[in-house]
Amino acid sequence: MNTIVGVIVLFGSIIGGFIGEGGNLLAVVQPYEVLIIGGAAGGAFIVTNPFYIIKQVMGKLGVLIKGSKYKKQLYMDSLAMLFELLNKARMQGLLALESDIEDPANSPIFTKYPQLTSDHHILDFISDYLRLMVSGTMNPIEIESLMDVELETHHHESALPSEALGKVADGLPAFGIVAAVLGIVITMGSLGGDTASIGHHVAAAWWELSWAFCWLTAFLPQWPAR
């Protein structure tokens, strides 16, 4: 919601101010300039990233609108589920957790928290480390170290899509300059024409650069880290 409101305020202020000063809105409608900048940025993104990163970025488009699922209720459910599991282990022994770990879909504890069990990362993480505890093959210090390494690896991997898009954001002003130069080239080619036509081309060239900076400052910093 914050992203939608922010974008509306941003472009509403720019367009409203432009119209308020007597500007012609049709003069800034430049679809081919958007094609140049967006196409160049999209092409660079495809060239510099493997397919699995591109797939992750596309999969997170909905998060910009819906927001992250990692909210207070999810954390409360996590604590409640862990309390039930550990309380069962305390009362009945660690081996009593074996049926829950091996078949979470039919576990009376896991099935009480569908939001957690629907996330395979959460479910696998809890099940794997409970399995290590039940097996008794590792001491608590080794399990803790292994958990830290896995969490750090997961955080690094989940940040890759936003880092990849951040690199494209860094290049957007350059793509805007390229598009602006192309607009100036077109302007130079029309110097023998009427003044209105030249002014239109110059305005389009500057709009290309402004459009790139709008995308850089308004959209890409909102991309979710996970």
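Mentor: Let's start with leucine 116, which touches Leu74, Asp77, Ser78, Met81, Ile122 and Leu123, leaving out residues up to four places away in sequence; a contact here means heavy atoms within 4.5 Å. Before going on, please note that this is a predicted model, in which local features need pLDDT of at least 70 and side-chain atom pairs count only at pLDDT 80 or more, while totals for chains, interfaces and linings use all residues. Residues are numbered from 1 along each chain as its sequence is written, and side-chain values use heavy atoms, without hydrogens and water.

Leucine 116 sits in helix α7 (helices are DSSP runs of H or I with at least four residues, strands are runs of E with at least two, and both are numbered from the N terminus). Its relative accessibility is 1%, so leucine 116 counts as buried (buried is under 20% relative accessible area, exposed over 50%, partly exposed in between, with a 1.4 Å probe and protein chains only). One of its contacts, Met81, is 35 residues away along the chain, yet the C-alpha atoms of leucine 116 and methionine 81 are separated by 9.1 Å.

Both residues belong to the largest nonpolar core, which has 15 residues; Met81, Leu85, Leu97, Phe110, Leu116, Ile126 and Leu130 have the most contacts inside it. Such a core is a set of buried Ala, Val, Leu, Ile, Met, Phe, Trp, Tyr and Cys residues joined through side-chain atoms within 4.5 Å. Two elements, α5 (72–92) and α8 (120–135), each give two or more residues to this core, and α8 gives the most, with five. A second, separate core of 11 residues includes Ile37, Phe45, Ala164 and Val168. In soluble globular proteins, nonpolar side chains tend to be buried together.

Beyond its neighbours within four places in sequence, leucine 97 is in contact with Leu85, Lys88, Ala89, Leu130 and Val134.

Now look along α8. The structure holds one aromatic pair, formed by phenylalanine 125 and tyrosine 129; their ring centres are 4.9 Å apart and their planes lie at 55°, so the pair is tilted (ring centres of Phe, Tyr or the six-membered ring of Trp must lie within 6.5 Å; planes under 30 degrees apart are stacked, over 60 edge-to-face, the rest tilted). Because phenylalanine 125 and tyrosine 129 are four residues apart in helix α8, about one helical turn separates them. Tyrosine 129 counts as buried, at 6% relative accessibility.

Charged side chains come next. There are four salt bridges in the whole structure, each with a side-chain nitrogen of Lys or Arg within 4 Å of a carboxyl oxygen of Asp or Glu. In one of them, glutamate 84 pairs with lysine 112, with the closest N and O atoms 2.8 Å apart. This bridge links distant parts of the chain, since glutamate 84 is in helix α5 and lysine 112 is in the loop between α6 (98–102) and α7 (114–117), 28 residues apart. Glutamate 84 is partly exposed at 22% relative accessibility, and lysine 112 is partly exposed at 49%.

Arginine 131 takes part in two bridges. Its side chain meets that of glutamate 102 at 3.1 Å, N to O, linking distant parts of the chain: arginine 131 is in helix α8 and glutamate 102 in helix α6, 29 residues apart. Aspartate 128 also bridges to arginine 131, again with 3.1 Å between the closest N and O atoms, but here both residues lie in helix α8, three residues apart, about one turn. Together, Glu102, Asp128 and Arg131 are linked in a network of salt bridges. Arginine 131 is partly exposed at 32%, as is aspartate 128 at 37%.

Finally, step back to the whole chain. The protein chain has 10 helices and zero strands. Of its 226 residues, 31% count as buried. Among contacts between residues at least 6 apart in sequence, 70% join residues at least 24 apart; the pair of leucine 116 and methionine 81, 35 residues apart, gave us an example of such a separation.
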